[in-house]
Amino acid sequence: MKISFVASSVEIAQQSRDVLADRYGDAPVYEADVIVALGGDGFMLQTLHATQEIDAPVYGMNRGTVGFMMNEYLEDGLLERLSMAEQEVVNPLMMRATQRDGVIREELAINEVSLLRQGPQAAKLRITVDGRLRMDELVCDGALLATPAGSTAYNYSAHGPILPIGADVLALTAVAAFRPRRWRGALLPKTATVRFDVNEADKRPVMADADGRSVRNVQTVEIHSEPSIRHRILFDPGHGLEERLIQEQFV
């Protein structure tokens, strides 16, 4: 088995990479059967984005903080763990953001696409789903559309629902909604296309963010799931995303 080790810039991750590469060998990433990512969840997302054109699954080991998408770090028995690992497949979201000057940016997001106010005033967002106007104006600090894989991240902290990994739904969640005050968000089919239009964009500027890649001063943002891109993530048996998403709801 050819393994390619990649690590975040933090010292403990770099040290772990050196130890493992010396013990198991280190293949070039384009020749690898599996990519082992050492870091935290943020680095896992970076690795998945960077290797999406490579036909090799990614197995993470936690050298960060939370490590929700990572396995436990152990130096012994790596080949056995990789051979027994269970695979989860996730599809990213495609964000198409049009800025106020007409420039269009496209970015992919494995966890969520979020819209957030840039200044001191609340954002005013109009929400359309599959071409049908669903909310004329949401006054809020922001809103986000999350995948099941990302539902325990920013979505959960904004009081959105945790979604089973196999669910064909997306979570649309408001961030500090002011009007409608009691709106609890929505669950949408995975096939849905969601469009946000920014009302009063000159007075109330809004930025869009896809897994840490930000676009400022947006006027409209369209989001849909991208089934043609398949991220393959490996987990130790009994510790996959499905089990972690269930477990997270009982803590």
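Because the model is predicted, local features need pLDDT of at least 70 and side-chain atom pairs count only at pLDDT 80 or more, whereas totals for chains, interfaces and linings use all residues; side-chain values use heavy atoms, with hydrogens and water left out.

View 1. D130 is found in the loop that runs between β8 (123-129) and β9 (132-140), where strands (E, at least two residues) and helices (H or I, at least four residues) are DSSP runs numbered from the N terminus. The phi angle of D130 is near 50°, a positive value in a residue other than glycine. E200, which is not a glycine either, has a positive phi of about 55°, and its place is the loop between β13 (193-199) and β14 (206-210). At 33% relative accessibility, E200 counts as partly exposed.

View 2. The side chains of K124 and E200 meet in a salt bridge with an N to O distance of 3.2 Å, the term being used for a side-chain nitrogen of Lys or Arg within 4 Å of a carboxyl oxygen of Asp or Glu. This pair links distant parts of the chain, since K124 belongs to strand β8 and E200 to the loop between β13 and β14, 76 residues apart. R204 also forms a salt bridge with E200, and here the closest N and O atoms are 3.0 Å apart. K124 counts as buried at 15% relative accessibility, and R204 counts as buried at 13%, while E200 is partly exposed.

View 3. R17 and D26 are joined through their side chains in a salt bridge of 2.5 Å, taken from N to O. R17 is partly exposed, with a relative accessible area of 22%, and D26 is likewise partly exposed, with 34%. Elsewhere, a network of salt bridges links R105, E107 and R213. A search of the whole structure finds twelve salt bridges.

**View 4. Arginines over aromatic rings, and a cis peptide bond.** The charged end of R179 sits over the ring of F178, 4.4 Å from the ring centre, a description that requires CZ of Arg or NZ of Lys to be within 6 Å of the ring centre and within 35 degrees of the ring normal. R179 is also joined to P180 by a cis peptide bond, for which omega is about -10°, and P180 lies in the loop between β11 (169-175) and β12 (186-189). In another example of a charge over a ring, R63 lies over the face of Y73, at 3.9 Å from the ring centre.

**View 5. Strand β11 and its partners.** β11 is mostly covered, with six of its seven residues buried. Strand β10 (residues 142-146) pairs with β11 in the antiparallel sense over five bridges, pairing being assigned if DSSP finds at least two bridges between two strands. Within that pairing, T173 in β11 is the bridge partner of L144. β11 also pairs with β12, again in the antiparallel sense, over four bridges, and L170 stands opposite L188 in β12.

**View 6. The nonpolar cores and the surroundings of V218.** The largest nonpolar core holds 31 residues, of which M95, L125, I127, F196, V218 and V221 touch the most other members; such a core is a set of buried Ala, Val, Leu, Ile, Met, Phe, Trp, Tyr and Cys residues joined through side-chain atoms within 4.5 Å. The largest share of this core, four residues, comes from β8. Apart from this core lies another, of 22 residues, among them A32, A56, V58 and A149. Leaving aside neighbours within four places in sequence, V218 is in contact (heavy atoms within 4.5 Å) with A97, T98, Q99, R100, V198, A201, V206, M207 and A208.

Conventions. Residues numbered from 1 in each chain as written. Buried < 20%, exposed > 50% of the residue type's maximum accessible area, 1.4 Å probe, protein only.
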